[in-house]
Structures are given as C-alpha cells and as structure tokens.
Protein chains: 2
Amino acid sequence: MTWERYDSRVCSVARTMEVLGERWTMLIVRDLFNGVRRFDALHRHIGVARDVLTRRLEALMDAGLVERTSYREEGARERYEYRLTSAGRDLRPILVAIMDWGDAHLAGADGPPLELTHDACGAGVHTHLVCDEGHAIGTTTRLHAATKPGARLLVASHKD
Amino acid sequence: MTWERYDSRVCSVARTMEVLGERWTMLIVRDLFNGVRRFDALHRHIGVARDVLTRRLEALMDAGLVERTSYREEGARERYEYRLTSAGRDLRPILVAIMDWGDAHLAGADGPPLELTHDACGAGVHTHLVCDEGHAIGTTTRLHAATKPGARLLVASHKD
C-alpha cells in the first residue's frame, strides 16, 4: 500500500482527532472518568475557561461521548451533571495509553503523579499493543498496513 | 483519593496533551509512522497549511519526538526529512488506540479504511487495556487511582 495515495481524511485517526483533537477535550474526558461531573467542578479542577468548557462539552455531547442530566439541590436552581456514554467510556484505552506515555517521558523528578490499579486484584493497569495471535508488539516491531473497503484514493490535483 | 483536590496540571495526560493536543499533531505523527517523511509530502497528504505544518513539526522537534535530517537531490536545493525519535515511536500504542476507537465508532458505511497487521504472523494489531496480572480491563471494569510522589495538592483559592 502506498499510504500517500490514499485520502487521509477517511482515516480513523483523523476522524477521531476531529472529535478529540481540541485542546482541553482529553482533559475533560479524563476528569469525567475520575468522577468529576459538574460544570463548576470541571471548570475549577481543569482550569479551563467557562466558555471553552461549554463548547467542548457541547461538542462531546454532539459526538455522543457525553450525556447531560439535570439535578437540583435544595433551594438552588437546576444544574447539570455530565457523564460519559458507552462510546465515551470506550475511550479508556486511549486515555491510559496517553497516561502511560506521559509517565514514561514527561514525569518530573518525583516520578508520575498517579497509579492506576485493577480494583479486583490490585495490579497496575497499562495499555499494550498486541496482535490477535498474542504477540507483544514493540516500538520497532514491523507492522503492515493494508487498505480495507472504507479507504479512498486521493484524487490527484497535482503531478508527483 | 479525591481527584478534585489534586493539581491536574502535573497529570501525565495533561502533560502529554500539551505536546499532542494541537489539531494536526497526531495526524503528522501518524504519517511519519506510515513513512511520509518530507515536508511537501506531509503538506499534500494531510492537507495542513504549510505554516501550521512548520509550527507543528518544530513543536514535535522541541519535544524530542521528531528529528530532522537534511538531504539533497541532484540539482535541487537542500531539503529536510523528518523521522520519529525513539520517544516518538513510543506513541504507537496511543495512535493504535485512537485508530481502534475510530474504527469502532466513526467508520462510514464501508467500514474502516485500514487494517494493521503484525508482519511476522499476519494477525491484526490492536491496543488492549490489561493489568499486570494479565486480566483484561473492560470499559466498565473498576479501576483504582492512587496518588504517587509526583502528585501535587491544589492550593485552595476558593471554598468548597
């Protein structure tokens, strides 16, 4: 396959980054995973401007990753709580892969700030690249990329 | 752990998204993984404006994920080729996790455009969330997050 001859806009990475590729979006997803569900709490914890947070939450809802429910505390006006949908919870391997990479490459002198463990057994949780035959895929293991029916050839608008 | 009480800026997800969280960056990384190494080829294939591509490549070089080497074709001026460093190649689990999610949730009627296989055995390659005891972690498996020495408490500037 000559990757350059194919339209990269139908690529699943491109499509996913259209949803997740805005600054703050993955941090909102991270906080939702960690149980931060209210607008004010998200605003305060992430340090994102309120108007940006509003837009990012709306984009996440439009994409079907987040849903909003209303609640009302005694004597207060109606407020909203945000939760990941099933498609949103499917982002967990991406989030943990990002955390693993940051732990390995960007942690400060004190090491990583957080450890994720499996509640049932206490062991650390990480992402692994594995083939369907069970072989571990390292950073230099050769992979092959083949086009499938969803691929589109680029329409040539130039000579090369 | 009360996640909201900790400073989310030292989080490895936040630190990683400072590097990767700009629009186009993951697409540049994807193309570099797929062997697209020249500026013009990246510009053409991704469809990113030249000035944006220049800035993103510089940020990736500053972060140590990409390195540049010069080459000169017969009769042409000196040009550059961009390659992932070792830290850059470590992004593969993130990239494949993103691709897996897009394949599952955003593919069109024709299905995913690309299949990634292990060269040595031909089996499909995917990112998996696994604990160190070997248990598969599903989207609803309960995880526990514990702070480590790199964590920082938020300095309270508000009452709550």
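Strand S5 (residues 143-147) of chain A pairs with S3(B) in the antiparallel sense, over five bridges. Within this pairing, Ala146(A) lies opposite Glu115(B) of S3(B). Strands are counted as paired if DSSP finds at least two bridges between them; helices (H or I, at least four residues) and strands (E, at least two) are DSSP runs numbered from the N terminus. The model is predicted, so that local features need pLDDT of at least 70 and side-chain atom pairs count only at pLDDT 80 or more, while totals for chains, interfaces and linings use all residues. Residues are numbered from 1 along each chain as its sequence is written, and chains are lettered from A and ligands numbered from 1 in the order in which they are written.

Leu116(A) is placed opposite Ala145(B) in S5(B). Strand S3 of chain A (residues 114-118) has a covered face formed by Leu114(A), Leu116(A) and His118(A), whereas Glu115(A) and Thr117(A) form the uncovered face.

Chain B is superposed on chain A by a rotation of 180° with 0.0 Å of shift along its axis, at an RMSD of 0.0 Å. The two copies are thus related as by a two-fold rotation axis. The superposition is by least squares on the C-alpha atoms of residues with pLDDT of at least 70 in both copies. Among the residues of chain B, His128(B) comes closest to the rotation axis, with its C-alpha at 2.6 Å. The same surface serves both copies, as 100% of the contact residues of chain B recur in chain A.

The contact comprises 82 residues from chain A and 82 residues from chain B, two residues being in contact if their C-beta atoms, placed from the backbone, lie within 7 Å. On the side of chain B that touches chain A, the elements supplying at least two residues each include helix H1 (12-20), helix H2 (25-33), strand S3 (114-118) and strand S5 (143-147). The largest share of this side, 13 residues, is from H6(B). By class, the side has 40 nonpolar residues (Ala, Val, Leu, Ile, Met, Phe, Trp, Tyr, Cys and Pro), 25 polar and 17 charged (Asp, Glu, Lys and Arg); the others, Gly among them, count as polar.

Chain A contains six helices and five strands, in the order α-α-α-α-β-β-α-α-β-β-β along the sequence. Along the principal axes, the C-alpha atoms of chain A fill a box of roughly 65 × 45 × 30 Å. Of the 160 residues of chain A, 36% are buried (20 or more other C-beta atoms within 10 Å of the residue's own C-beta; exposed at 12 or fewer, partly exposed in between; C-beta atoms placed from the backbone).

H2(B) is mostly covered, with eight of its nine residues buried, including Thr25(B), Met26(B) and Leu32(B). Gly35(B), which follows H2(B), has a positive phi, near 90°. In chain A, Arg23(A) is in the loop between helix H1 (12-20) and helix H2 (25-33). Arg23(A) counts as partly exposed because it has 14 C-beta neighbours inside 10 Å. Apart from its neighbours within four places in sequence, Arg23(A) contacts Gly21(B) and Glu22(B).
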